[in-house]
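I opened this one to look up its pockets, a helix pair and the salt bridges. Notes follow in the order I went.

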Amino acid sequence: MNRIRGLIIDAPKVELHVHLEGTLEAELLLSLAKRNGVMIPYADLDEVHAAYDFTDLQSFLDVYYKAVSVLKTREDFAELTWAYMSRVSGEGVRHVELFFDPQAHTAREVAFDDVVDGISDGLKRARVELGMTAGMIACFLRHLGPGEAEATLDQVLLRSESIMGVGLDSSEVGFPFAPFANVFRRAGNAGLRLVAHAGEEGPA
């Protein structure tokens with residue numbers, strides 16, 4: 001059994017669906033909250049772990065958005081990215097296509113470039129130290145609507161050397177895909193790859 005487990009772990013893998021902010025583990029969450037002076041409703045590791053006993057997509061997102069509030073600086077995003085990449089490198093992952101939610105940060109007055117540059121710093125370190133490759137996919141938040149997505153796409157297009165594609169995520173109920181058709185059309189015409197989350201709570 002140990003030999004089979006070793007073969008599975010050592011086999012080279014790709015990760016094609018991971019949300020960077022969703023990889024924020026309890027220890028780093030508490031550390032960043034303290035460093036950045038962010039008040040969070042969790043006193044210790046046990047309370048953070050208990051918060052992730054969610055029942056549906058929206059209850060998960062409620063916890064998720066509280067957690068991302070601790071990410072403030074370029075260094076925070078670099079540290080988060082490196083923590084994830086170094087962890088999965090030990091499980092045989094060699095290439096990652098990484099979703100991130102710029103609007104979850106720019107809405108808190110975190111600079112778009114700090115988000116992108118911080119993630120890029122972490123990915124560069126993973127490439128140099130671990131031999132891993134990666135791509136970045138900027139997701140639009142459904143609940144903020146197509147107008148906000150259009151504005152975010154304008155920022156993405158200025159950083160197309162770093163960002164390979166765009167996606168769509170967050171709350172599905174009450175936020176259909178159709179209103180986002182134009183922003184996806186613009187992104188595709190600009191040469192970005194296109195993906196969209198669907199079917200968790202709303203229709204696929």
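This is a predicted model: local features need pLDDT of at least 70, side-chain atom pairs count only at pLDDT 80 or more; totals for chains, interfaces and linings use all residues.

Sorting the lining of the largest pocket by class, I got seven nonpolar, four polar and six charged residues.

Next I went to the second largest pocket, with a volume of about 160 Å³. I wrote down its lining in chain order: Ser120, Leu123, Lys124, Arg127, Met132, Thr133, Ala134, Gly135, Met136 and Ser162.

Two packed helices are described by the angle between their axes and the distance between the axes. For α5 (residues 74–89) and α7 (residues 112–130), I have the axes coming within 7 Å and crossing at roughly 35 degrees. Is the crossing left-handed or right-handed? I have α5 and α7 down as right-handed.

I then listed who makes the contact. From α5 come Arg74, Phe77, Ala78, Thr81, Trp82, Met85, Ser86 and Ser89. The α7 side includes Asp114, Val115, Ile119, Leu123, Arg125, Ala126 and Leu130. Leu123 also sits in the lining of the second largest pocket. The contact residues of α5 with α7 split into nine nonpolar, five polar and six charged.

**Salt bridges**

Side chains of opposite charge can pair when their charged atoms come close. How many salt bridges does the structure hold? I logged eleven. I picked out Arg35 with Glu79, where the closest N and O atoms are 3.0 Å apart. This pair links distant parts of the chain, as Arg35 is in helix α2 (residues 26–36) and Glu79 is in helix α5, 44 residues apart.

Methods. Residues are numbered from 1 along each chain as its sequence is written. Side-chain values use heavy atoms; hydrogens and water are left out. Axes are lines fitted to C-alpha atoms, for helices over the stretch in contact, and angles run from 0 to 180 degrees between N-to-C directions. Helices (H or I, at least four residues) and strands (E, at least two) are DSSP runs, numbered from the N terminus. A crossing is left-handed if the near helix is turned anticlockwise from the far one by less than a right angle, and right-handed if clockwise. Contact means heavy atoms within 4.5 Å. Ala, Val, Leu, Ile, Met, Phe, Trp, Tyr, Cys and Pro count as nonpolar, Asp, Glu, Lys and Arg as charged, and the others, Gly among them, as polar. On a 1 Å grid over the protein atoms alone, a cavity is a set of points where a 1.4 Å probe fits but cannot get out, and a pocket is an open set with protein on both sides within 12 Å along at least five of seven lines; lining residues have an atom within 4 Å of a point. Grid points are joined across faces, edges and corners, and a volume is the space filled by probe spheres set on the points. A salt bridge is a side-chain nitrogen of Lys or Arg within 4 Å of a carboxyl oxygen of Asp or Glu.
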